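Please keep the sequence and the coordinates open while reading.

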Amino acid sequence: MRFVFFIVLLFLTACQSNAAEKMKTVDMYNVSGDMIGTVALSEQADGIQVKVKLEGLEPGFHGFHVHEYPICEAPDFTTAGNHYNPEGKEHGLMHPEGPHLGDLPNLEADAGGLVDAELMLAGATLMEGKNSLLKEDGTSFIIQEGPDDGLTQPGGGGGPRIVCGELKTNPEEGKNEESPTDPTEFNEDQEE
Ligand SMILES: [Zn+2]
């Protein structure tokens, strides 16, 4: 009986960790370091569903893209690199040789500066693979001051980057680096 219980417990644990991989939430920060909302990701059969909730933007359209590196350093967020483009395409949802995998439709902030949008990032995944947003260290989500025209190279002409959020493969990694490792632990392993 105890054995059966153990098996059930194992099964439940496996299901939980699997579900966690298919859902990720990215906290979004402006250039002053204030968190202004979230980007919630969930794995679907044909891509990733992207739910965006933000406040405090200028009313109107804003370029929105996935970038190469999970590093958001204010004030210009250039540390995030270019648009995420693992397939080597041209920029723009309207470009005949595009788009970059990380190209998303513009976000529209209402008169009160709020965004509440639901988009699809077609062909991308949170699981393993060439088009994974969690390849290597991860990626990032960036919002621009102005709209992406969907065509202009290399990035759509949306102007400065004003909001950034990091999607890290191992969010705990930084914490581990801070805690010193016990040197005796290493020696013991060596002796075995
Ligand atoms: Zn692009």
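Two strands are said to pair if DSSP finds at least two bridges between them. Strands themselves (E, at least two residues) and helices (H or I, at least four residues) are DSSP runs, numbered from the N terminus. Residues are numbered from 1 along each chain as its sequence is written. The model is predicted, and local features need pLDDT of at least 70, side-chain atom pairs count only at pLDDT 80 or more, and totals for chains, interfaces and linings use all residues.

The protein has three helices and nine strands. Along the sequence these elements follow the pattern α-β-β-β-β-β-β-β-β-β-α-α. Seven strands form an open sheet with antiparallel pairing, in the order β5-β8-β9-β1-β2-β3-β7. Its edge strands are β5 and β7, each of which pairs on one side only. Neighbouring strands of this sheet are turned by 20° against each other on average, direction ignored; the axes behind this angle are lines fitted to C-alpha atoms, for helices over the stretch in contact, and angles in general run from 0 to 180 degrees between N-to-C directions. In general, strands of a sheet pair through backbone hydrogen bonds, either parallel or antiparallel.

Seven bridges join β8 to β9 (residues 161-168), and the two run antiparallel. Within this pairing, I142 has C164 in β9 as its bridge partner. Towards β5 (residues 64-67), β8 is joined by four bridges, again antiparallel. Here V66 stands opposite F141 of β8. Elsewhere in the sheet, β2 and β3 pair in the antiparallel sense over eight bridges, and T38 stands opposite K53 in β3.

How many residues of β8 are buried? A residue is buried if 20 or more other C-beta atoms lie within 10 Å of its own, exposed if 12 or fewer, and partly exposed in between, with C-beta atoms placed from the backbone. By that count, seven of the seven residues of β8 (138-144) are buried. G138, S140, I142 and Q144 point one way from the strand, while T139, F141 and I143 point the other way, and all are buried. Across the protein, buried residues make up 30% of the 192 residues.

In soluble globular proteins, nonpolar side chains tend to be buried together.

Two residues are in contact if their C-beta atoms, placed from the backbone, lie within 7 Å. Leaving aside neighbours within four places in sequence, I142 is in contact with H65, H67, F77, A80, R161, V163 and C164. Among contacts in the protein between residues at least 6 apart in sequence, 58% join residues at least 24 apart.

The loop between β5 and β6 (107-109) contains H83. H83 counts as buried because it has 26 C-beta neighbours inside 10 Å. Beyond its neighbours within four places in sequence, H83 is in contact with H65, V66, H67, H91, H100, G102, D103 and G155. H83 and F141 are 58 residues apart in sequence and 9.4 Å apart in space, C-alpha to C-alpha.

Some backbone details remain. Most residues other than glycine have a negative phi, and most peptide bonds are trans. F77, although not a glycine, has a positive phi of about 55°. This residue lies in the loop between β5 and β6, and F77 counts as buried because it has 23 C-beta neighbours inside 10 Å. E136, also not a glycine, has a positive phi of about 50°. E136 is found in the loop between β7 (115-122) and β8, and E136 is exposed because 10 other C-beta atoms lie within 10 Å. The peptide bond from G98 to P99 is cis, with omega near -5°, and P99 lies in the loop between β5 and β6. The peptide bond from Q153 to P154 is cis, with omega near 0°, and P154 lies in the loop between β8 and β9.
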